[in-house]
Protein chains: 2
Amino acid sequence: MLCEVARHGSFSAAAESLGYTQPAISRQIATLEAEVGTTLIRRVPKGAVLTDAGMLLVDRAEAILARLDDAENELRALAGLEGGRLRMATFASAASSIVPLAIAAFRERHPAVELSVVMADPPDSIPRLRAGELDLALSHDAIDIPPVIELIHLFDDPMYVAMRAGHPLAESPALELADFATEPWMLATTQTCPDSRLFLRACHEAGFEPQIAFQNDDYPAILGFVAAGVGVAMIPDMVARGVRDDVVVRDLDPSAPPRPILAALAGGYRSPAVSAMLAVLEELSGEWVASRPPLSFAAKSDQFART
Amino acid sequence: MLCEVARHGSFSAAAESLGYTQPAISRQIATLEAEVGTTLIRRVPKGAVLTDAGMLLVDRAEAILARLDDAENELRALAGLEGGRLRMATFASAASSIVPLAIAAFRERHPAVELSVVMADPPDSIPRLRAGELDLALSHDAIDIPPVIELIHLFDDPMYVAMRAGHPLAESPALELADFATEPWMLATTQTCPDSRLFLRACHEAGFEPQIAFQNDDYPAILGFVAAGVGVAMIPDMVARGVRDDVVVRDLDPSAPPRPILAALAGGYRSPAVSAMLAVLEELSGEWVASRPPLSFAAKSDQFART
DNA sequence: TGTCAAGCATGACCTCTAGTTATACCTCAT
DNA sequence: ATGAGGTATAACTAGAGGTCATGCTTGACA
């Protein structure tokens, strides 16, 4: 275009340099001049000379092309995770367990990515994911999640039963869900937390209908009730780690199935930042499962032990 | 395009705002995304949300569009003479007479225009005009100027005869060219100055062949020879003003025709700056002619007087 | 001075981009 | 269920932007 003509001093030379033919350049310049409303190039016998309007336009065009180039580079940088943004949601118990580790690892690998994390349970986070307000949401359970949301299974979070220290069943050698059929239950749910469905289904399979003494979506609160002896509760491994010592945690495997921990993504596009976070999460999931302490019923001081 | 989609939050709304249809926008965005290689817009049920790559691109695009706007305004400003450039050439005698006035007037009216003036006689300035190195050239005589050069007649510069003070004809009441038929002449010309042709033609019409004693294109030098009594010379009114007082200047009207003073322009495009300078020159020409002092032969101290 | 080379402009034609309309499909709200 | 509001897609078309062939002007040169 104009710049090349200016650089080469003639239409023909510019055309050759651009791989076009001379008439193409001629027409291009003509229409450009018509648009601008002034002559940009003086046709002289030896070729072409810029008018002052032409010189101005070449100057500006070069500046603009440089900006375009910058933008392109920035896009590439963003694809290379030297920029960008990741807005992530997590449910409460992950927020106090695996998520801090993930954030730390991600920050270390991709310090240039702007990372924001909010706490939101799936009934809140999934629609926001679909609406584009979030890029990634950590979820448990996969019920009622619309198919346009992509779900990636990270790991299974075992569910344990929690009872007050000194509970009659606390020291029993082998336990299963049915042993607690007559206990009052603390249910870790409101509308916003899906863990309860998993639990209720397991109870039905175990052949009883649990008596619900209290519902709350906050596990620390539930553990307070448990410690006070109001009843027993199912709590996930995530929460069981570092539990208060007036509560005993026991594995019911296999009668109480684990809850799946999922990463939820808006289907279709997966940004580089999202992919990177997924990689971090999958890596961390392996470590997390491996670091799960064995849950034993032998000693209260050593209460985390797998059967 | 992308910016409008971002602004309106949906393809349809952007389309309506731009006067296009929705599919047009849809395809535009799709091809843009293909070019860029990443998704720019997340399609969500309620419309469209920018990805971070999209946000970046919108930012940059807006910056670039702003620059385009700037460039457009600058072009307009240039058309309004708030910028631009004028490269002008002048022949020697105008350079010391009317041109300084023209430059001063132009500078005052259009201070933002970059004005450069070089001295060049037509055989030099006209080709440079055609080659686009100059925008305007002041010329005398119109011989041998190719038709692609546009010539604007500004005014006529009368030609006077100059002789040494005390020359036998200095005090004669009425003079014409033929009276000097036998005098040796100083010819104000080399190849570069066309004044001589005018003179020679006038001599032929007056019926004699002048004897050329000396040729030079520098009028002050010629006047030196004239003052020394080497011969006589034709000098234009421009030069006659403020001539040394050992030289007498007399009008030969109508036997010695005036030389035309012309503005020469490259044909075709006339930049705003050129138009403005032409206006200044035409205005000034009127004043210049009106301010021509009367040339009288009565007294040497009052030697400028028209017959 | 005639002729040739080099430059831009222009007409005829072709190709592909970027619109159009019509329609399908999805999601949400009633 | 169904209608409203959103995007995607197919089929078509106009026009922008190429190509080729050709004409015109100018400058160089024999």
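Two strands count as paired if DSSP finds at least two bridges between them. Helices (H or I, at least four residues) and strands (E, at least two) are DSSP runs, numbered from the N terminus.

## About the model

This is a predicted model, in which local features need pLDDT of at least 70, side-chain atom pairs count only at pLDDT 80 or more, and totals for chains, interfaces and linings use all residues. Residues are numbered from 1 along each chain as its sequence is written, while chains are lettered from A and ligands numbered from 1 in the order in which they are written.

## A sheet in chain A

Let's start with the open sheet of 5 strands in chain A, which has mixed pairing and the order S9-S8-S10-S7-S11. Strand S9 (211–216) and strand S11 (247–251) of chain A each have a single partner strand, so one side of each lacks a neighbour in the sheet.

Strand S7 (residues 159–164) of chain A runs antiparallel to S11(A), and 5 bridges join them. Look for A:Ala162, whose bridge partner in S11(A) is A:Val249.

## Where the chains meet

Now turn to the contact between the chains, where residues touch if their C-beta atoms, placed from the backbone, lie within 7 Å. Chain A gives 31 residues and chain B gives 31 residues. On the side of chain B that touches chain A, strand S1 (41–44) and helix H4 (52–79) of chain B are the elements that give two or more residues. H4(B) supplies the largest share of that side, 14 residues.

Terms used: Contact = placed C-beta atoms within 7 Å.
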